[in-house]
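Please consult the sequence and the structure shown below while reading it.

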Amino acid sequence: MSDVKLEAINLSKRYDEDTLALDNVSFQVRTGELFCMLGGNGAGKTTTINIFLNFIEPTSGEAQICGISTHTDPLSAKAHVAYVAENVMLYANFTAVQNLEFFVRLGGRTDVTRGECREALLRVGLHEAFHNKRLKDFSKGMRQKCGIAIAILKNASTIILDEPTSGLDPQAGHEFSQLVRSLRDEGKAILMSTHDIFRAREIADTIAIMNHGKLVMMQPAAELASANLEQLYLEHILGSQQPTLEGAA
Ligand SMILES: Nc1ncnc2c1ncn2[C@@H]1O[C@H](COP(=O)(O)OP(=O)(O)OP(=O)(O)O)[C@@H](O)[C@H]1O
Ligand SMILES: [Mg+2]
């Protein structure tokens, strides 16, 4: 039995004549693997994720979750994935626990208990004092914690996160990343996009770089440990066109 949980197979997306947002992208994410996608603005990261979530259709190729095509059988595919957006959308007038109960039920787990919600909130590091507070006064970091608690309670075998740590302060970003890492240790297959190359190297098992819709690098993070990832990133994004001061004077 294959342990591939998320798979992009020759995925392409053309929005219009001028915009080939994804160009024949293929990769796999396995059980217990944290796969980080890097790439500049407009590289195609969100487009890839949106195809996995069936928010948009591929022009050609296929995205599969647990072997199920997200395009042809979206309901079955979505049962196996939990999603955390860059800005987790929750109800401002609901408390943290109420939001969890509501969204976890909406996601299909109608049996979720209040106790499980509290447990999940403690696990993600939201102090008990905030469990019954309304979301409207929560910081971005606290809302992201609620978002990942919902993902945990869905108990899916795969998790997809689109820039979940953008806009978080360094401590909140670190805590969030460690949480993602612990979910990987439990055996989840995780696909995450980020602009933070240092954090990616710290937590990822595999690092991929996208540029203009193409997957231009994909390597085990362990092999990059001693490499200068920032330099490598710039080389892949800029090619050999790196700015120098030569001839500037
Ligand atoms: N709905 C749309 N219609 C037309 N073009 C789009 C649409 N959504 C995205 N694009 C284009 O597709 C390309 C890839 O965008 P995408 O949002 O996937 O990039 P990204 O890697 O997520 O960037 P960022 O780091 O800024 O989030 C860009 O050229 C973008 O302008
Ligand atoms: Mg994006």
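This is a predicted model: local features need pLDDT of at least 70, side-chain atom pairs count only at pLDDT 80 or more; totals for chains, interfaces and linings use all residues.

Asn24 belongs to strand E2. Asn24 has a phi near 60 degrees, which is a positive value in a residue other than glycine. With a relative accessible area of 46%, Asn24 is partly exposed.

**The four-stranded sheet**

- An open sheet is built from 4 strands in the order E2-E1-E4-E5, and its pairing is antiparallel.
- The edges are taken by strand E2 (19-30) and strand E5 (68-69); each has a single partner strand, so one side of each is left without a neighbour in the sheet.
- Strand E1, residues 4-16, is joined to strand E4, residues 60-65, by 5 bridges in the antiparallel sense.
- Within this pairing, Glu7 is placed opposite Gln64 of E4, and Ser12 is placed opposite Ser60 of E4.
- E4 and E5 also run antiparallel, and 2 bridges join them.
- Ile65 has Ile68 in E5 as its bridge partner.
- A hairpin is formed by E4 and E5, with 2 residues between them. Cys66, in the turn, has a positive phi of about 50 degrees.
- As background, the strands of a sheet pair through backbone hydrogen bonds, in either a parallel or an antiparallel manner.
- Helix H1, which covers residues 45-52, lies across E1, E2 and E4. The direction of H1 is at about 115 degrees to E1.

- Ligand 1 has 13 residues around it, of which Asn41, Gly42, Lys45, Thr46 and Thr47 come nearest.
- Which element supplies the largest share of the shell around ligand 1? That element is H1, with 3 residues.
- E2 and H1 each contribute at least two residues to the shell.
- A side-chain N or O atom of Tyr15 is 3.4 Å from a nitrogen atom of ligand 1.
- Backbone atoms also take part: a polar backbone atom of Gly42 is 2.8 Å from an oxygen atom of ligand 1, and a backbone N or O atom of Ala43 lies 3.1 Å from an oxygen atom of ligand 1.
- Ligand 1 exposes 640 Å² when taken alone, and 60% of that is buried by the protein.

**The six-stranded sheet**

- A further open sheet is formed by 6 strands in the order E6-E7-E8-E3-E9-E10, with mixed pairing.
- Strand E6 (81-84) and strand E10 (214-220) are at the edges; each has a single partner strand, so one side of each is left without a neighbour in the sheet.
- From one strand to the next, the twist averages 15 degrees.
- Strand E7 (residues 158-162) is paired with strand E8 (residues 189-193) in the parallel sense, over 5 bridges.
- In this pairing, Leu161 stands opposite Met192 of E8.
- Helix H5, residues 140-154, packs on the sheet and touches E6 and E7. The direction of H5 makes about 180 degrees with that of E6.

- Glu163 is located in the loop between E7 and helix H6 (170-185).
- Phi of Glu163 is near 45 degrees, a positive value in a residue other than glycine.
- Is Glu163 buried or exposed? Its relative accessibility is 14%, and because the cut-off for burial is under 20%, Glu163 counts as buried.

- The buried residues in H3 include Ala96, Val97, Asn99, Leu100, Glu101 and Val104.
- H4 and H5 are among the elements that cover the buried residues of H3.
- In general, an α-helix has 3.6 residues a turn, so residues three or four places apart point the same way.
- Arg109 is in the loop that lies between helix H3 (96-106) and helix H4 (114-123).
- Arg109 counts as buried, at 19% relative accessibility.
- Which residues are in contact with Arg109, leaving aside its neighbours within four places in sequence? They are Val104, Glu116, Leu153 and Lys154.

Technical notes. Residues are numbered from 1 along each chain as its sequence is written. Chains are lettered from A and ligands numbered from 1 in the order in which they are written. Side-chain values use heavy atoms; hydrogens and water are left out. Two strands pair if DSSP finds at least two bridges between them. Contact means heavy atoms within 4.5 Å. Axes are lines fitted to C-alpha atoms, for helices over the stretch in contact, and angles run from 0 to 180 degrees between N-to-C directions. Buried means under 20% relative accessible area, exposed over 50%, partly exposed in between (1.4 Å probe, protein chains only). A residue is near a molecule or strand if one of its heavy atoms lies within 4 Å of it. A polar contact is a pair of N or O atoms within 3.5 Å; within protein, one must be able to donate a hydrogen and the other to accept it, and residues adjacent in sequence count only if both atoms are side-chain atoms. Accessible areas come from the Shrake-Rupley method with a 1.4 Å probe; for residues, only the protein chains shown count as cover.
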